[in-house]
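Reader: Hi, could we go through this structure together, slowly? I am new to this and would like to ask things as they come up.

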Amino acid sequence: MTTRRDFLAGGLALAAGRAFGQSPGGARQRVVIVGGGWGGLTAAARLRRVAPELELTLVEREAVFRSLPLSNAWLLGRAPEALPRQDYAAVASAMGYRYLQAEVSAIDRERRRVQAGPQALDYDWLILAAGIRYDYAPWLGDDPRAIEAVRRLYPAGYVAGELDVLRRKLDEFKGGDLLMTVPSGPSRCPPAPYERAVMIAASLKSRKITGRLLLVDAGGGMQRFNRVFAERYKDQIQHLTHATVKAIDPFARILATEFDEIRFDDAIIIPPQGAADIVRQAGLLETDAAGRPGAWAGFDPLHLHAVGDERVFLVGDLLGRASPLFGAYPKSAHMAARQGRIVADAIIARSRGVPPAPTLPDSECHVHTAVDPAETMRIEARYRLRGDGLIVQTVRQHEDPQPRGEDVAWGRALYAEMLGRNPT
Ligand SMILES: Cc1cc2nc3c(=O)[nH]c(=O)nc-3n(C[C@H](O)[C@H](O)[C@H](O)COP(=O)(O)OP(=O)(O)OC[C@H]3O[C@@H](n4cnc5c(N)ncnc54)[C@H](O)[C@@H]3O)c2cc1C
């Protein structure tokens, strides 16, 4: 559907004497999207629907999209339906854009060129929606053998490609101490480890497995979950709060905190995180006052483009600080999808010669706080611009003691937006 704003934007560009989506030389303008997660797919869908005149390529290393939202229930066999899988080639052909399965290894912002596998792709507009990287260094140093062992034996399940291995691990867990870490610092979907802990504990209880989950938590947990752990799962969850991991020996199966050495039989190591590697390669990490690079991408908070480069837009979990008032936006699928929509609109406006209006995103996250019977919590974040130009955040939590599938309905609405149809 063309909105009034799209229509006006188009009118202005035509008035300027140029056809939609063409560069001054008359060629079609090219948009390249790196990463086909929630942010990248939503941006692609919006661009294709509203601006068919733009040439659009989505580059993604995987062949199949899988959802991390709702994955905790799926991991323990409690999802109301199968976790959707979407073949990228099929989605792209139905929507009418080009999909290239490749690893982007370099971005040359001077020449506006992306190296995707053996191919070089030129762009007029680039959207980086590449998600996160695991940063094992604080716990494992730079020991490649230990890092490889942790990835293989104790995957976090924080990138979709690890879900099958993790599900098999949880299926096969027959007892003993299962350890799961909760890292400090900004991370993907902060309530996710606690929701997963509830699912694991409920499964241990219902399958009458003599075993427990050792939750080694860098912080103090979340109030609602702490209460559930104590009231319902005190035999299944041992929650070690404010525990700073110092080292992990994946071969001897020992984790050291500053006070203890903890032995484990099996583990899910959720490590500290940062923006995907390609962000660093492209020179887009945020810097501190002394110019030292941080772990996340720097960006213009009002327009979501890179600092000093209005041809490159950044979307989703890879983003760093949005405001000194609250730090980073929540790293949620909902947020990534909203930002995908916002940058698509910004590119459409800019390609038509119109300055984009600043638009702020919002976030909504549904998590299970208990099962048997189920209880859920909806965490909503809203944003507004203060008079001095800073973004203000308001977060509200709603507890729902009688959920009726709101989480699934929420997921389906987002899928429909990014796939142009309901998931199969
Ligand atoms: C267990 C769990 C539960 C969650 N539950 C919820 C929830 O209930 N609600 C919610 O809103 N959010 C939830 N989230 C968070 C949500 O999954 C993320 O916020 C979301 O995936 C972020 O989207 P994104 O587009 O930024 O990144 P991603 O979805 O990770 O997409 C990035 C894509 O980029 C690709 N990529 C990266 N680098 C390259 C490269 N160099 N070349 C080619 N391709 C590349 C990756 O393969 C990936 O497909 C959950 C997360 C976890 C881990």
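Reader: To start, what percentage of the 424 residues in the protein chain do buried residues make up?

Author: Buried residues account for 44% of the 424 residues in the protein chain. Please keep in mind as we go that this is a predicted model.

Reader: Okay, and how many helices and strands does the protein chain have?

Author: The protein chain contains 12 helices and 27 strands.

Reader: What is its radius of gyration, and what would a compact globule have?

Author: A compact globule with 424 residues would have a radius of gyration near 22 Å, and the protein chain has 22 Å, so the two agree. If you draw a box along the principal axes, the C-alpha atoms of the protein chain fill roughly 75 × 45 × 45 Å.

Reader: Let's switch to the ligand. Which residues come nearest to it?

Author: There are 35 residues around the ligand, and those that come nearest are Gly-35, Gly-37, Gly-39, Gly-131 and Gly-316. As for the elements, those that give two or more residues to this shell are helix H2 (38–50), strand E2 (55–60), helix H3 (71–75), helix H11 (333–351) and strand E25 (363–370).

Reader: And how many residues of the shell are nonpolar, polar or charged?

Author: The shell around the ligand has 16 nonpolar residues, 12 polar ones and 7 charged ones.

Reader: Which domains does the shell draw at least three residues from?

Author: At least three residues come from domain 1 (4–131 + 276–359 + 404–419), and at least three come from domain 2 (136–272).

Reader: New topic: sheets. In what order do E6, E7 and E8 lie, and is the pairing parallel or antiparallel?

Author: These 3 strands form an open sheet in the order E6-E7-E8, and their pairing is antiparallel. Strand E6 (104–108) and strand E8 (119–122) stand at the edges with a single partner strand each, so one side of each has no neighbour in the sheet. On average, neighbouring strands of this sheet are turned by 20° against each other, if direction is ignored.

Reader: How many bridges are there between E7 and E8?

Author: Strand E7 (residues 113–116) pairs with E8 in the antiparallel sense over 4 bridges. Within this pair, Ala-116 stands opposite Gln-119 in E8, while Gln-115 stands opposite Ala-120 in E8. The two strands form a hairpin with 2 residues between them, and Gly-117 in the turn has a positive phi of about 55°.

Reader: Is the peptide bond from Asp-372 to Pro-373 cis or trans?

Author: That peptide bond, from Asp-372 to Pro-373, is cis, with omega near 0°. Pro-373 lies in the loop between E25 and strand E26 (375–385).

Reader: Last one: where is Arg-396, and what separates it from Leu-255?

Author: Arg-396 is in strand E27 (residues 391–400), and Arg-396 counts as exposed, with 9 C-beta neighbours inside 10 Å. The C-alpha atoms of Arg-396 and Leu-255 are separated by 35 Å, and the two residues are 141 residues apart along the chain.

Notes
Residues are numbered from 1 along each chain as its sequence is written. This is a predicted model: local features need pLDDT of at least 70, side-chain atom pairs count only at pLDDT 80 or more; totals for chains, interfaces and linings use all residues. A residue is near a molecule or strand if its C-beta atom, placed from the backbone, lies within 6 Å of it. Ala, Val, Leu, Ile, Met, Phe, Trp, Tyr, Cys and Pro count as nonpolar, Asp, Glu, Lys and Arg as charged, and the others, Gly among them, as polar. Domain bounds come from an automatic or database domain assignment. Two strands pair if DSSP finds at least two bridges between them. Axes are lines fitted to C-alpha atoms, for helices over the stretch in contact, and angles run from 0 to 180 degrees between N-to-C directions. A residue is buried if 20 or more other C-beta atoms lie within 10 Å of its own, exposed if 12 or fewer, and partly exposed in between; C-beta atoms are placed from the backbone. The radius of gyration is taken over C-alpha atoms; the globule rule is 2.2 Å times the number of residues to the power 0.38.
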